[in-house]
Amino acid sequence: NSPSALSDSDTVAHWRDVFDETAVQRLIELDPSGRNALIERVTKMYASSVDKYLSQLDDACRANDLKVIKDVAHTLKSSSANLGALKLSQVCAEIEAVIRDETPTDLTPMIQTLRHEAAKALAALPMLSGAAR
């Protein structure tokens with residue numbers, strides 16, 4: 001069981017459990033007919049980037065590279081906020097602030113929360129295709 005895997009009690013029942021409805025609605029309004037498959041393209045790009053950044057985060061944690069951890073948190077914060085994954089964005093902001101402010105903190109619980117929220121976001125992404133319907 002990988003650290004980013006969801007346990008049965010964390011199963012995402014609906015995309016609204018993870019994504020802010022207003023942010024998703026803004027995306028839908030950019031392609032109201034769905035002809036450009038915007039939601040599908042955005043979610044595919046987001047999933048790919050989350051996977052890439054989680055891998056970078058794992059490497060950075062093993063190397064205790066705070067700069068890379070902060071950079072990953074910063075990038076994930078923005079892309080997650082844009083898509084409406086506000087809990088994930090918030091935990092990224094907290095990690096970024098702790099590192100930026102050089103607050104002596106064990107980042108392990110925060111990084112576990114980041115991985116957990118990322119797993120929830122990835123699990124809910126396929127549900128966004130039905131959000132416009």
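Author: Begin with a single residue. This is a predicted model, and in it Leu76 is found in helix α3.

Reader: Which residues is Leu76 in contact with, leaving aside its neighbours within four places in sequence?

Author: Leu76 is in contact with Val50, Tyr53, Cys92 and Leu114.

Reader: How many helices and strands does the chain have?

Author: There are five helices and zero strands. Along the sequence the pattern reads α-α-α-α-α. The radius of gyration is 15 Å, close to the 14 Å that the globule rule gives for 133 residues, so the chain is as compact as a globular protein of that length.

Reader: What box do the C-alpha atoms fill?

Author: Taken along the principal axes, the box is roughly 50 × 30 × 20 Å. The accessible surface of the chain comes to about 7,600 Å², and carbon and sulfur atoms account for 50% of that surface.

Reader: What share of the residues in the chain is buried?

Author: Buried residues are 38% of the 133 in the chain. Contacts can be sorted by separation in sequence as well. Take those between residues at least 6 apart: 66% of them join residues at least 24 apart.

Reader: Which members of the largest nonpolar core touch the most other members?

Author: That core has 39 residues, and the ones that touch the most other members are Phe19, Tyr46, Leu83, Leu88, Ile95, Leu114 and Leu128. Two or more residues come from each of α1 (21–30), α2 (38–63), α3 (66–83), α4 (86–100) and α5 (108–124). The largest share, ten residues, is from α2.

Reader: Take Ile95 from that list. What is Ile95 in contact with, apart from its neighbours within four places in sequence?

Author: The contacts of Ile95 are Ile69, Ala73, Leu107, Met110, Ile111 and Leu114.

Reader: Which residues of α1 are buried?

Author: They are Ala23, Val24, Leu27 and Ile28. To see how they are arranged, look down the helix axis. The buried residues of α1 fall within an arc of 140°, so they line one face of the helix. Their cover includes α2 and α3.

Reader: How many salt bridges does a search of the whole structure find?

Author: The search finds seven. To read one, find the side-chain nitrogen and the carboxyl oxygen, and check that they are within 4 Å. Arg62 and Asp59 make such a pair, at 2.5 Å from N to O.

Reader: Where do Arg62 and Asp59 lie relative to each other?

Author: Both are in helix α2; because they are three residues apart, about one helical turn separates them. Arg62 has 64% relative accessibility, so Arg62 counts as exposed. Asp59 is at 43% and counts as partly exposed.

Reader: What does another salt bridge look like, say that of Lys120?

Author: Lys120 pairs with Glu117, and their closest N and O atoms are 3.7 Å apart. These two are also three residues apart, about one turn, in helix α5. Both Lys120 and Glu117 are buried. A further salt bridge joins the side chains of Arg100 and Asp101, at 3.4 Å from N to O. Arg100 has 48% relative accessibility and counts as partly exposed.

Reader: What is the phi of Asn64?

Author: Phi of Asn64 is near 50° too, again a positive value in a residue other than glycine. Asn64 is found in the loop between α2 and α3. Its relative accessible area is 58%, so Asn64 is exposed.

Definitions and conventions:
Residues are numbered from 1 along each chain as its sequence is written. This is a predicted model: local features need pLDDT of at least 70, side-chain atom pairs count only at pLDDT 80 or more; totals for chains, interfaces and linings use all residues. Side-chain values use heavy atoms; hydrogens and water are left out. A nonpolar core is a set of buried Ala, Val, Leu, Ile, Met, Phe, Trp, Tyr and Cys residues joined through side-chain atoms within 4.5 Å. Buried means under 20% relative accessible area, exposed over 50%, partly exposed in between (1.4 Å probe, protein chains only). Helices (H or I, at least four residues) and strands (E, at least two) are DSSP runs, numbered from the N terminus. Contact means heavy atoms within 4.5 Å. The arc is that of the directions from the helix axis to the C-beta atoms. The radius of gyration is taken over C-alpha atoms; the globule rule is 2.2 Å times the number of residues to the power 0.38. Accessible areas come from the Shrake-Rupley method with a 1.4 Å probe; for residues, only the protein chains shown count as cover.
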